[in-house]
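Colleague: Please take one close look at the side chains, beginning with the charged pairs. State the cut-offs as you go.

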Amino acid sequence: MKEKEVIVLDSDTTHSQNLVSFLKDNSYTATPMSSLANMDCYMAETDCRAVVLNLDNITVTNKILRDLKRKKPSINIIAHSKRQFHPELEEALREYISVCLAEPVDTEELGYWLNSIYENNNTLDV
């Protein structure tokens with residue numbers, strides 16, 4: 001098991017690399033992924049507890065996130081987006097996404113939430 005592992009689910013390579021660099025600089029094991037299909041296989045084999053999800057370039061639905069939380073109840077989804085509203089994800093934002101950050105991601109805020117997950121051994125239940 002990797003300690004403090006975070007999946008960065010983002011199809012924008014530059015943005016993903018910036019987040020991965022920040023995470024590595026702060027003692028997290030960061031695994032970049034560009035699709036949900038890759039993540040699904042990976043999640044079955046790991047004890048990862050955090051996913052940083054770009055809602056602007058990864059297509060997700062309420063059902064996809066509901067299924068992810070059912071398969072892996074301990075996972076914390078930290079989403080980020082340029083858009084302020086996602087009416088199509090109302091259920092997910094209410095039930096399955098732990099935190100939604102504004103774009104560009106404030107790394108200090110991201111660090112706070114990840115610290116809450118890993119250092120304090122909490123699940124971020126909204």
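Modeller: Asp67 and Lys63 both sit in helix α3 (residues 62-71), 4 residues apart, or about one turn of the helix. Helices (H or I, at least four residues) and strands (E, at least two) are DSSP runs, numbered from the N terminus. This is a predicted model, in which local features need pLDDT of at least 70 and side-chain atom pairs count only at pLDDT 80 or more, while totals for chains, interfaces and linings use all residues. Residues are numbered from 1 along each chain as its sequence is written, and side-chain values use heavy atoms, with hydrogens and water left out.

Asp67 and Lys63 form a salt bridge, with the closest N and O atoms 2.7 Å apart. The term salt bridge stands for a side-chain nitrogen of Lys or Arg within 4 Å of a carboxyl oxygen of Asp or Glu. Asp67 is partly exposed because its relative accessible area is 25%, and Lys63 is partly exposed too, at 49%. Here buried means under 20% relative accessible area, exposed means over 50%, and partly exposed is in between (1.4 Å probe, protein chains only).

By the salt-bridge rule the count comes to 6. One of these joins the side chains of Glu119 and Lys4, at 2.8 Å from N to O. That pair links distant parts of the chain: Glu119 is in the segment after α5, Lys4 is in the segment before β1, and the two are 115 residues apart. Glu119 counts as partly exposed, since its relative accessibility is 44%. Lys4 also lies over the face of Tyr28, at 4.7 Å from the ring centre. For that description, NZ of Lys or CZ of Arg has to be within 6 Å of the ring centre and within 35 degrees of the ring normal.

Another salt bridge runs between Arg94 and Glu95, where the closest N and O atoms are 3.5 Å apart. Together with Glu90, Arg94 and Glu95 are linked in a network of salt bridges. Arg94 is partly exposed because its relative accessibility is 47%, and Glu95 is partly exposed at 45%.

Asp10 is a charged residue without such a partner. Asp10 is buried yet has no salt bridge, and the nearest side chain of opposite charge, Lys82, is 9.6 Å away. In this count Lys and Arg are positive, Asp and Glu are negative, and His and the chain ends are left out. Asp10 is placed in the loop between β1 (5-9) and α1 (13-25). Its side chain does make a polar contact of 2.7 Å with the side chain of His15. A polar contact is a pair of N or O atoms within 3.5 Å; within protein, one must be able to donate a hydrogen and the other to accept it, and residues adjacent in sequence count only if both atoms are side-chain atoms. Not counting residues up to four places away in sequence, Asp10 touches His15, Ser16, Met33, Ser34, Asn54, Asn57, Ile58 and His80. Contact means heavy atoms within 4.5 Å.

His80 lies in strand β4 (residues 76-81) and is buried, since its relative accessible area is 1%. Outside the four places on either side in sequence, His80 touches residues including Asp10, His15, Leu19, Leu101, Glu103 and Val105. The C-alpha atoms of His80 and Glu103 are separated by 6.0 Å, although these residues are 23 residues apart along the chain. Pro104 is in the loop between β5 (97-102) and α5 (107-118).

Met43, in helix α2 (residues 36-44), is another buried residue, because its relative accessibility is 4%. Apart from neighbours within four places in sequence, Met43 is in contact with Ile7, Cys48, Leu68, Lys72 and Ile75. Met43 and Ile7 are 36 residues apart in sequence and 9.2 Å apart in space, C-alpha to C-alpha.

Two local items remain. Ser27, in the loop between α1 and β2 (29-33), has a positive phi of about 70 degrees although it is not a glycine. Ser27 is exposed, as its relative accessible area is 55%.

A search of the whole structure finds 2 aromatic pairs. In one of them, Tyr112 and Trp113 are edge-to-face, at 5.0 Å centre to centre and 80 degrees between the planes. Rings of Phe, Tyr and Trp (its six-membered ring) pair if their centres lie within 6.5 Å; planes under 30 degrees apart count as stacked, over 60 as edge-to-face and the rest as tilted. Trp113 is partly exposed because its relative accessible area is 24%.
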